[in-house]
Protein chains: 2
Amino acid sequence: MVIVGERINASRKNIRPAIERRDAAFIQAEAKKQAAAGADYVDVNCGVFLDREPEYLAWLVQTVQEVVDTPLCLDSPNPAAIAAGLKHYRNGIPLINSVSNEGTRAQDLIPLIQDYNANVVALCMGLTGAMPKDAADRVTEARALIETLTTAGVPLGNIYVDPVVCPIGNDVRNGLAVLEAIREIMATFPGVHTICGLTNVSHGMPLRKLLNQNFLVLCMAAGLDGVILDPLDQRLMSNVLAAEALLGRDDFCLNYIRAHRAERLVL
Amino acid sequence: MVIVGERINASRKNIRPAIERRDAAFIQAEAKKQAAAGADYVDVNCGVFLDREPEYLAWLVQTVQEVVDTPLCLDSPNPAAIAAGLKHYRNGIPLINSVSNEGTRAQDLIPLIQDYNANVVALCMGLTGAMPKDAADRVTEARALIETLTTAGVPLGNIYVDPVVCPIGNDVRNGLAVLEAIREIMATFPGVHTICGLTNVSHGMPLRKLLNQNFLVLCMAAGLDGVILDPLDQRLMSNVLAAEALLGRDDFCLNYIRAHRAERLVL
């Protein structure tokens, strides 16, 4: 399971002011904690700054790299910000988050993906003006993105399809639509990856953590092999390890048992 | 989701001595708590008493029925014990747990199933001397049982196939084998039910509750629509409600929201 640590996001309280005051120590502590907790990528997102996003993203990339060797996930809808961040990038293969079928977003980012041999999140939206409604919409968006990216030479194994998680509070079919999309995308394009965030699914609902924790496990059952989450949430990380053992993806349950010995598993 | 409350089982400490001293108040309190917590069936199992099992099971049936109207799950490998219990049965449609392909077990129980128009757990074992190894073994056992039962006039909708859960600590493929079997059985025999206990999966592993809780959710994703568990375990029951909402089986998430208002959901 590929874990993308989501904490360094300027839409979170504490993070935005830390970036504004260029508080490197605060950001670096967040990066180190996530790497130590098992993040495979440390996400950096400062989209809330709009015009100043490229400048701030470049600063985040440099600041985080001073303290961890973990690859980064450069997270922005703005190709100029991604480009500004990549100029300073040196932590191995980056994950670019994200391309979609909207406008020229994929075409703008493809040269950067090629230059850095980057992994890329392919967000299942953009063919129409609307959010994807059902599993079929998501598979259609995924197919178009995979065709665009592979035609440009991006290997299937570098693509992480994000099915776009929508709240079950808006429509109770939204959870199942994502699960079915994951299953179909993984079956139709062997070698591709799938990834998503969890928190949107529970928007507007009570006891959101209960839903988020269970949605993670349901997505893994459907084949999800990447996830964007807070790796300091020990219960979420414990669910990842438990689900991998139960799904036969942890030989001899060694990772599960080692995590227990290291006192990383919680109820 | 059909919930079978598993607490009144003489293999559990406290229950065995309560049965031995004919402590009706203790057993009745266990029955009432489980019914109040949402059990659709209250399981009664006193298999540990061997020769005296029929007598004790009859006493359990009568004792529980004095305080709850919830249907009972008569749980024994011994058809004579089931028969002794059914003689006193009056709480609606019972669930008989279980028939299998072993020896004459199915043929011995079929007359009772017919007489009481009972629901029945069909345990996926018995064609060979060994436990089922993989999903295919389980589907083969299920097919034979479903044929035996439906030929005898038992409606498919009265059959709860139990795929037989084995520990992942023995073989890490054991979890996935059950999940694949559930998926295939539900797809191959539309209208049939599936049911299982959870605790075997984690036998010999650390932090068993974490595995049991997640296995429940994985089984539900595969289509499981019945489960044998402790309904006083609020986290397990919360996972049932969360998973039903996330799988689109709870219209407008009403059951989830009501359970939250009733303060029945926990993390």
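Figure 1. Y56(B) counts as buried, with a relative accessibility of 6%. This is a predicted model, as are the views that follow. F49(B) is buried as well, at a relative accessible area of 10%. Over all chains the count is two aromatic pairs. One of them joins F49(A) and Y56(A), with 4.4 Å from centre to centre and 55° between the planes, a tilted arrangement. Both F49(A) and Y56(A) are buried. In chain B, the ring centres of F49(B) and Y56(B) lie 4.4 Å apart and the planes stand at 55°; planes under 30 degrees apart would count as stacked and those over 60 as edge-to-face, so this pair is tilted.

Figure 2. In chain A, eight strands close into a barrel in the order 1-2-3-4-5-6-7-8, with parallel pairing. On average, neighbouring strands of this sheet are turned by 25° against each other, direction ignored. Strand 4 (residues 95-99) and strand 5 (residues 119-123) of chain A run parallel and are joined by four bridges. Within this pairing, V99(A) is found opposite A122(A) of strand 5. Helix 4 of chain A (residues 79-86) packs on the sheet, where it touches strand 3 (72-75) and strand 4. The direction of helix 4 makes about 150° with that of strand 3 of chain A.

**Figure 3. The surroundings of T70(A).** T70(A) is located in the loop between helix 3 (53-65) and strand 3 of chain A. The relative accessibility of T70(A) is 13%, under the 20% limit, so this residue counts as buried. Apart from neighbours within four places in sequence, T70(A) is in contact with A35(A), A39(A), D40(A), Y41(A), V42(A) and N91(A).

Figure 4. Strand 1 (residues 2-5) pairs with strand 8 (residues 226-229) of chain B over four bridges, in the parallel sense. G5(B) of chain B stands opposite L229(B) in strand 8.

**Figure 5. Q107(B) in helix 5 of chain B.** Q107(B) belongs to helix 5, which spans residues 105-115 of chain B. With a relative accessible area of 51%, over the 50% limit, Q107(B) is exposed. P79(B) is 28 residues from Q107(B) in sequence, and their C-alpha atoms are 9.7 Å apart in space.

**Figure 6. The relation between the two chains.** Chain B superposes on chain A by a rotation of 180° with 0.0 Å of shift along the axis, at an RMSD of 0.0 Å. The two copies are therefore related as by a two-fold rotation axis. The C-alpha of chain B nearest the axis belongs to L218(B), at 3.1 Å from it. Both copies use the same surface, and 100% of the contact residues of chain B recur in chain A.

**Figure 7. Y256(A) and the largest nonpolar core.** The largest nonpolar core has 74 residues, of which F215(A), Y256(A), F215(B) and Y256(B) touch the most other members.

**Figure 8. C253(A) and residues of both chains.** C253(A) is placed in the loop between helix 9 (234-246) and helix 10 (254-261) of chain A. C253(A) has a relative accessible area of 1% and is buried. Leaving aside neighbours within four places in sequence, the contacts of C253(A) are A245(A), I168(B), V172(B) and M205(B). L241(A) is 12 residues from C253(A) along the chain, with 8.9 Å between the C-alpha atoms.

Methods
Residues numbered from 1 in each chain as written. Chains lettered and ligands numbered in written order. Predicted model: local features only at pLDDT ≥ 70, side-chain atom pairs only at ≥ 80, totals over all residues. Heavy atoms only, no water. Core = buried A, V, L, I, M, F, W, Y, C linked by side-chain atoms within 4.5 Å. Buried < 20%, exposed > 50% of the residue type's maximum accessible area, 1.4 Å probe, protein only. Least-squares fit on C-alpha atoms with pLDDT ≥ 70 in both. Contact = heavy atoms within 4.5 Å. Helix = DSSP H or I, 4+ residues; strand = E, 2+ residues; numbered from the N terminus. Pairing = 2+ DSSP bridges. Axes fitted to C-alpha atoms, helices over the stretch in contact; angles between N-to-C directions. Phe/Tyr/Trp six-rings, centres within 6.5 Å; stacked < 30°, edge-to-face > 60°.
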